[in-house]
Amino acid sequence: MSKAEKRNGTSTREILRLVAGIRKSFFPLMLLEQLLASAILYLNIIVGAMVLDSVAEGIITVHGGAVEAHTMAALEQRLIRMAVGLVLLNMVLALCRWGLNKWLIILRREVQDKISKKLSEKCLTLDYQILERKDTLDYIEKASEGSRMNGGVTGYCSAVGWVVGNIVSILYSLSILSRFFLVRGGGERNGLAAFAESLPAFLLMGFLMAAAVFFRFLISRRGQRLQYQMYEDNLKGNRRFDAYFMFLHEYSPGKQVRIYDMAGMILGGLRQEAAILRKRRQELFRSETGMSMATEIIMGVLLFACYAFVGIRAVGGSISIGEVSLYVGVLTSLLDNMSELFGSMNWLQVMNQYMSNFTALLSLKNEKYEGTIPIEKRLDNEYELEFRNVSFHYPNNKDLVLKNISAKIHVGRKMAIVGRNGSGKSTFIKLLCRLYDPTEGEILLNGIDIRKYDYDEYRQIFGVVFQDFQLFSFPIAENVAASTEYEERRVWDALRQAGIEKRVKGMEDGIRTVIYQQGDDGVEISGGEAQKLAIARALYRDAPVVILDEPTAALDPVSELEIYERFDEMVEHKTAIYISHRMSSCRFCENILVFHQGDILQMGSHETLVEEDGLYRDLWEAQAQYYQA
């Protein structure tokens, strides 16, 4: 077995094992539905042949001379019983298949929903440093795109079911045809009749069937490769198309679209991407049309050969009229099943490529060391955090963002982190929150490497407002508590501290008001109000360390002053780490770290640093006109 085959087999087992873990009955019921479809087909072929033989027997008996009444009646009753039995059996099997299909529709929806949930849970529980990687984002995009185009996991199970069903049908067809190839008619045979019963004729027939099926296999494989190649080529185009299409129905970008008259640009881009996609589909359609015509010609020639072969043997008296119907039907079914088998196997190979993205995503392992040490619960919140010779570069980029950083953060004090854009300030915070682990060095909590602590407990000591914070179209209380369960008093306290209590009280549903119009009856809020809600969320957590990354960037000067004046109250007895480009905020802090190109260039209080000849004083003086009287 080749490496590719081993990989495909493993993929099939993984997918079926995954589905069995969700619904054990799904795949077996799908196979049963395939077998029922084959049973109905062969039932009609076999019983139909028996009916024809009975009719032929009756005709011969009648034309042979005098027929006793009871003999004719017996023939008629047998025909009636066979016809009624065929109809009733068809009805029973058809009803079983109908009920099975209805049940499979429900199960398919259940499996798809739980697979989507599993993918979502995987993405939500991946280490942030893994989720942010380009290859991970590609896995997510390709798994999603493949699911939309090909039915995802349930479509894959259907393809496996087709393969198994076709194999069973082929084996059954061969068992019936064995008699056709082995049985010889009585008496002397001449000409075509004699040739039709000879070994060379059987070998010729087998060769024609094998050649036709092989050519159809090659054509099918080429077509599916073209289709997958189109999928790969269109992946980026589809992404751009979706991005353009988003502008048509998302209201958030609507202001910029109208102010800058961007409708023509967006519609032009949409038309351009649509034209590229249409051209590729047309190319695929032309290729598939040519391949379909070649396939139909090949199968038409082979079908003619089958009819001729069976017909010659019937004329020679080797088989009955009913057997003509039986063998023609079985031969036709065999050809269809063999073609479908190879087509399904080709399709499985293509789908394995889609599924490889899916299984690769699910098989991603978190890289963070999972510590077990619990965080010490201290009523005095006496924690000390220390960066010790920490260097860091992002994945797939060897350039160091932080270079041999060392600093101590004492709980209960307020610290500011300042510096120009790209100096490493936000990366410092990501490492502190353990969204990433250092490339070199270590970060300590009370003298112990933070990697040794239980990660979930370690996260609980931080309340963070990131610069790119996110609020969701949920009720305000759920946004603040980051949970569907919350304490109303604590929610109101956090809203009051963040300076947005009055605004929320003025809303009809108070803290149960849904924000944004992505949900039903959502209320729009301003950027400043959103930032205050994000601050309230950090305060609600009541964590000993509060990190505010540009917390007043979207606030007006009055609101900014209110935040600063209540800053001591908001973070009383807590550590506050405050990242800002507004130097006036630094005056509230006891310690300031000045970052520059990945290094801590200066460290000290505002009064000390403003007197030094360095970057901090340059930044302070550049903004002095805005906050000095």
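Modeller: Met 415 has Ile 577 of strand E8 as its bridge partner. Strands here are DSSP runs (E, at least two residues), and helices are too (H or I, at least four residues), each numbered from the N terminus. This is a predicted model, so local features need pLDDT of at least 70, side-chain atom pairs count only at pLDDT 80 or more, and totals for chains, interfaces and linings use all residues. Residues are numbered from 1 along each chain as its sequence is written, and side-chain values use heavy atoms, with hydrogens and water left out.

Now the partners. Two strands pair if DSSP finds at least two bridges between them. Strand E3 (residues 414-419) runs parallel to E8, and four bridges join them. Strand E7 (residues 545-549) also pairs with E8 in the parallel sense, over five bridges. There, Asp 549 stands opposite Ile 579 of E8.

Next, burial. Buried means under 20% relative accessible area, exposed over 50%, and partly exposed in between (1.4 Å probe, protein chains only). E8 covers residues 575-579, and five of the five are buried, so the strand is largely enclosed by the rest of the structure. Look at the directions. Thr 575, Ile 577 and Ile 579 point one way from E8. Ala 576 and Tyr 578 point the other way.

Last, confidence. pLDDT is the predictor's confidence in each residue, from 0 to 100. Its mean for the protein is 78, and 76% of residues reach 70 or more. Confidence is highest in strand E4 (residues 440-445), at a mean of 93, and lowest in helix H18 (residues 557-565), at 62. Where pLDDT is low, predicted coordinates should not be read in detail.
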